[in-house]
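Dear colleague,

Please find below the structure that I promised to hand over. I would be grateful if you would read the notes that follow with the structure open beside them.

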Amino acid sequence: MTTAPDTGAAPTPRPGRKPSPVRGLASRWDTAVGVLLVAVLVVGLGSTEGFGSAENLAFAFNDIVEVAVIALPMTLLVVAGQVDLSVASMLGLGSTLTGALWEAGWAFEVIVPVVLLVGVAGGLLNGWLVTGVGLPSLAVTIGTLALYRGLASVVLGSDAVTDFPRVYADWAVDTTTVPGTFLTYPVLLFAVLAVVTAVVLHATGFGRSLFAIGAQEEAAYFAGIRVKRIKLLLFVLTGLFSAFAGVVFTLRYGSARADNGLGFEMLVIASVLLGGIDFDGGKGTLFGAVAGVLLIGLLKNLLTLNDVANEVQVIVTGLLLVASVLTPRVIATVVGRRHSRAANTPGRPEAPPLPAPSRTPPKGTRRHDAP
């Protein structure tokens, strides 16, 4: 017996029954996040004075840009069934290196490539421990989270370095926007990187390989996909983007400190999972991840404008993280139970019974009677 291939589309409802909104939401979680993002915008515009101003939107988007940049490679990594919790610590290490090298008299044009190379080295270490040694990525990156943050403390200690080149600092702040828009230059750079990442994930063989690895790693290996090499590359990308985010963070705040970016790993993971990227791998879209980042950023900005305490904002982010993991699974369970009940509903048409075998022997054969 053959079965129809799974196309990912929602099942066609039976005649006489309305389509289930639960089933539709289960198959379009990223769209639901986009709708929620629009709802936050509408509520903010209607309830909070100054929320829709160009100055506030420039600040809101720029305030989340480091998280957004790191979320791009993190999306690829989670689609492939892996995770990197050391990204915020690498951001802090990149920030302290930027400050220490600038204080030592290095040219800023030399500092940036060196910091990026350190990010690549950190990603290589994570990737080698996962692919070469065979350790789980969650355990590895919890360890390197502490390692990279400790190295950041060694580089600068409790000191802070300020007074960076004005030409670069002005590039990163929210008061400098692209002419004719409210977008800052870091946000514009993120938009370009997001388009490139979307093309790679959804329109190339490499992107299809990531979905295959996340769905069934062993099957992907036997299909000829270089699983270990691809996972190593993904960890390198997360390290590279995190170190770059450290440079942007340092210029934006004009301060290099060992605790820069502390806790950002939760924001990155929350954004990715909220956007519908399955933590088990193999499912999700980059649109959903970007929508998750923007939703968290705008919600944080809206709460700040309404004088909501930072502790409450952290609680809201945590609730969003729990909801992003729990809600799709609850929906899938509900849909599964509905299908099960529908299959066991009395009165459903059954397959016609098979005809009884004929007792008449074929022509040309002799009938042997019992003695």
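Predicted model: local features only at pLDDT ≥ 70, side-chain atom pairs only at ≥ 80, totals over all residues.

Side chains of opposite charge can pair when their charged atoms come close. The structure holds six salt bridges. In one of them, lysine 300 meets aspartate 63 at 3.5 Å, N to O. Lysine 300 belongs to helix H14 and aspartate 63 to helix H3, so this pair ties together parts that lie 237 residues apart in sequence. Lysine 300 is partly exposed, at 32% relative accessible area, whereas aspartate 63 is buried, at 16%.

Another salt bridge joins glutamate 66 and arginine 252 at 2.8 Å, N to O. This pair links helix H4, which holds glutamate 66, with helix H12, which holds arginine 252, across 186 residues. Both glutamate 66 and arginine 252 are buried.

Lysine 231 and glutamate 217 also form a salt bridge, at 3.3 Å, N to O. Lysine 231 is in helix H12 and glutamate 217 in helix H11, so the pair ties together parts 14 residues apart in sequence. Salt bridges with shared partners join Asp63, Glu66, Arg252 and Lys300 into one network.

Most residues other than glycine have a negative phi. Aspartate 163, however, has a positive phi of about 60°, as does aspartate 307. Aspartate 163 lies in the loop between helices H7 and H8 and is exposed, at 65% relative accessibility. Aspartate 307 lies in the loop between helices H14 and H15 and is exposed, at 70%.

Yours sincerely

Notes
Residues numbered from 1 in each chain as written. Heavy atoms only, no water. Helix = DSSP H or I, 4+ residues; strand = E, 2+ residues; numbered from the N terminus. Buried < 20%, exposed > 50% of the residue type's maximum accessible area, 1.4 Å probe, protein only. Salt bridge = Lys/Arg side-chain N within 4 Å of Asp/Glu carboxyl O.
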